[in-house]
Amino acid sequence: MTSGDFSLVRDLLARRAYKDAHALCMKAIRSDPNRGEPYFLLGILAADHENHAKAIELYDRAIGLGAAPSEALAQKARSLIALNHRDQALAAVEQAAHHNPSDAAILDTIGVVYSRAGLHERALPWYEKAVETAPGSARLRYNLAVALQFVGKMDLARQAYEACLERDPSETRALTGLVQVSRQTEDDNYLDRLMAAQGALARRPSEKQADETLHICHAIAKTLEDLGRHKEAMSWLARGKAAKLSTLNYSFDSDSALFEAAISTAEFDLADGRNQAAPVFIVGLPRTGTTLVDRILSSHPVMTSAGELTDFALCLKRQLNTPSRYVLDRETLLGAQQADMDALGRAYIAQVGKTLGMEGRFIDKMPLNAFYAPLILKALPNARVICLRRHPLDTVLSNYRQLFATSFSYYNYSLNLETAARYYVGFDRMMARFRDALPEDRFTEVHYESIIADQEGETRRLLDFCGLDFDPACLAFHENAAPVATASSVQVRRPLYSTSLNRWRKVEDELAPAIAILDKAGLLED
């Protein structure tokens, strides 16, 4: 096959004509089994079908047969990060970078791998190079915009989102991004563009329609909230979430089983680990102030934020080797009764050090680590766990209002008000058990409302809990320049504000299903 034939295969892959692409690759291999490029293209095909283990095997074979190393290594890194092998992914992407690639797609892929590893500052220059190389690409502009938002360059992020839309007016994610980084006003908003985009989407069904509808409806809802039209906003949220939920096979029973399994871990008789590291784990339901506390504590000169890490869960999963494809699952939590806590603690610290270069005190702000709190404190005897709490209805509403990554099934509960309320009830029950079972000097809860009411007092309490002296920089957390890759990336760059308190009262009627569930569980005060 000629280079033109391989260009045809790439085009077929881009159009998802996988059968024809596969046939051409196999024809090329039969013609010349020692050529690397068809194996590389088959790797792309395998990765597109989420068969990343096979993709990695094909990329390695392609490299061995002389395929362009920078491209194959970058794609290999992307598959490795998809499999949660962050250390191997970073090693592969750094090898790819060593070959000084100039192709925009490769540059962008390197940026994507760094982003997914939580290294947003390292990702940014690769996105910038990609855009410089292919300035007409809307997709590359979008990736750049997101990276700029994460590192706090909001004006540049806004410009990049606009540049993306100039190149592709149908790019709904860019519209959503613009609404995220800009407060909408009566005189300056994107509502007409969003409504037009929603109308156009309804007229041209696609396999991504549910996700695109969800993005647009969230952006419309956020705009209406900014304009004070809160009841209308809830209607648009319901519309977008119902469209997505209808495509999923979700049942709250799976979440309920997770809570029960996690509660049981508080009873496990496990020997303590011996690692002397003292990380701080900030956990809790999303949108309850976890990022705020992370910024407060990481403003201390001896504390560094590592971002939201999956490392503890991954180390436990790998030690137990449970069969399900999920990292956080009932089988792994229950299987932890047989785990080696000392090995788990050592593996976690070694992995964080190897992939992120963390030394000294650091913060792991993965909300889902809440499920592992008893195991964390067994594996790492000097660790501290801080769980954020917030008014039940503000928590349910904030989770319902949040646009989570649609590929991350752990947050499917947020697609419906009733399941969001039931999830809160399950979480509250789990935390009540942990509060009773875990040592007070290593596990504590902090209420978002308490931080708003007494910022300095709660800051001093949390610093003391972590064994840190008071530092006034912790009160100026909004001046912290570290990247923020969460939904709070805009809010935590402003001083503390109280406008998010009791937000639920603005939509009390619309929250009736959630109120009934929380009230029945005894979680609402009279």
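The model is predicted, so local features need pLDDT of at least 70, side-chain atom pairs count only at pLDDT 80 or more, and totals for chains, interfaces and linings use all residues. Residues are numbered from 1 along each chain as its sequence is written, and side-chain values use heavy atoms, leaving out hydrogens and water.

**Backbone spots**

- Most residues other than glycine have a negative phi.
- Arg16 isn't a glycine, yet its phi is positive, at about 65°.
- You'll find Arg16 in the loop between α1 (3-14) and α2 (18-31); helices here are DSSP runs of H or I with at least four residues, numbered from the N terminus.
- With a relative accessible area of 43%, Arg16 is partly exposed (between buried, under 20%, and exposed, over 50%, using a 1.4 Å probe and protein chains only).
- Asn100 also has a positive phi, near 50°, and sits in the loop between α6 (86-98) and α7 (104-116).
- Asn100 counts as exposed, at 64% relative accessibility.

**The second largest pocket**

- A pocket is an open set of points on a 1 Å grid over the protein atoms alone, where a 1.4 Å probe fits, with protein on both sides within 12 Å along at least five of seven lines; lining residues have an atom within 4 Å of a point.
- The lining of the second largest pocket has 17 residues, with Ser254, Asp255, Tyr326, Ser409 and Tyr410 nearest its centre.
- α15 (252-265) and α18 (330-335) each supply at least two lining residues, and α15 gives the most, with four.
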